[in-house]
Amino acid sequence: MEKEFVRCQVEEGIAVVTIDNPAALNALNTSTLTQLDRVFDQLAGNPEVKGVILTGGGEKSFVAGADIGEFIQLNENTAAAFMARGQRIFDKIESFDRPVIAAVNGFALGGGNELAMCCDIRIAAENAVFGQPEVNLGIIPGYGGTQRLPRLIGPGKAKEIIFADERINAQEALRIGLVQRVVPKGQAVEEAKKLLKKIFSKGPVAVRMAKKAINEGLGMSLRGGLDLECQCEAVCFGSEDKNEGARAFLEKRPAQFKGK
């Protein structure tokens with residue numbers, strides 16, 4: 001039987017997805033990626049899931065990188081397909097139509113940092129460490145690091161981190177915008193749950209359309225992004241949630257959104 005490296009528990013609309021291979025600091029081997037891909041397919045088809053938390057098993061690591069042993073067999077002809085598979089899975093997480101929060105509980109290095117960057121929001125425990133150490137192996141980040149990192153923190157800082165393998169602690173990650181919150185060790189998942197529950201009280205259609213407008217708009221010109229924003233806003237105005245939200249505001253009561 002295939003060893004289970006990815007666990008998923010759903011409670012109160014929140015799916016906590018845990019990459020669980022602490023002995024290897026939760027490294028992303030082929031089996032782990034396959035299971036992660038499968039779990040997000042299952043979550044996409046589960047209407048009870050309103051949001052996802054992605055975290056690592058154990059106390060030391062979120063994900064400390066890829067399985068370097070698998071790199072030995074790769075060459076110029078096979079590496080592109082290997083990396084493209086990982087990018088496809090990470091793209092699936094990034095485009096998941098409900099909020100995804102990374103609860104970074106330790107090392108987020110290489111593929112781990114790239115995985116965290118796929119999430120909508122990153123909450124770091126105070127012991128978290130971020131980095132892209134691939135140059136030490138004579139390669140570059142291959143699961144989106146050269147593209148997402150400069151978009152999040154700017155090209156100059158991203159180049160410093162990638163070129164020189166500069167490790168970033170939680171407070172520095174907060175300062176440069178790589179993470180959005182820092183919490184005491186062991187509290188990242190609980191903080192993520194609190195934030196998701198707050199998001200759940202808002203209009204689900206609006207949250208979904210806001211995510212679409214932001215994510216897809218980043219790859220467009222300003223004019224293209226503004227046009228997309230209009231399209232997403234039109235979807236919101238055609239929803240039952242908009243009518244409920246407006247009525248609740250006028251009647252001075254909490255809205256009871258249905259996500260329709």
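By class, the residues lining the largest pocket are 14 nonpolar, nine polar and 11 charged. Keep in mind that this is a predicted model.

I will stay with that pocket for a moment. Its volume is about 900 Å³. There are 34 residues in the lining, and those closest to the centre are Glu94, Asp120, Ile214, Asn215 and Leu218. Which elements supply at least two residues each of this lining? They are α2 (79–94), α3 (111–118), β7 (121–125), α4 and α8 (204–217). The largest share comes from α8, with nine residues.

Now the second largest pocket. Its volume is about 510 Å³. It is lined by 17 residues, and Lys50, Arg98, Pro204, Lys258 and Gly259 are the closest to its centre. Helix α8 turns up again: α7 (188–200) and α8 each give at least two residues to this lining. Here too α8 has the largest share, three residues. By class, the lining has nine nonpolar, two polar and six charged residues.

Last, a helix pair. Two packed helices are described by the angle between their axes and the distance between the axes. For α4 (residues 145–153) and α5 (residues 155–164), the angle is about 135° and the axes are 7 Å apart. That makes α4 oblique to α5. The crossing of the two helices is right-handed.

Which residues meet there? From α4 come Gly145, Thr146, Leu149, Pro150 and Ile153, and from α5 come Pro155, Lys157, Ala158, Ile161 and Ile162. Seven of these contact residues are nonpolar, two are polar and one is charged.

Technical notes
Residues are numbered from 1 along each chain as its sequence is written. This is a predicted model: local features need pLDDT of at least 70, side-chain atom pairs count only at pLDDT 80 or more; totals for chains, interfaces and linings use all residues. Side-chain values use heavy atoms; hydrogens and water are left out. Axes are lines fitted to C-alpha atoms, for helices over the stretch in contact, and angles run from 0 to 180 degrees between N-to-C directions. Helices (H or I, at least four residues) and strands (E, at least two) are DSSP runs, numbered from the N terminus. Angles under 35 degrees count as roughly parallel, over 145 as roughly antiparallel, 65 to 115 as roughly perpendicular and the rest as oblique. A crossing is left-handed if the near helix is turned anticlockwise from the far one by less than a right angle, and right-handed if clockwise. Contact means heavy atoms within 4.5 Å. Ala, Val, Leu, Ile, Met, Phe, Trp, Tyr, Cys and Pro count as nonpolar, Asp, Glu, Lys and Arg as charged, and the others, Gly among them, as polar. On a 1 Å grid over the protein atoms alone, a cavity is a set of points where a 1.4 Å probe fits but cannot get out, and a pocket is an open set with protein on both sides within 12 Å along at least five of seven lines; lining residues have an atom within 4 Å of a point. Grid points are joined across faces, edges and corners, and a volume is the space filled by probe spheres set on the points.
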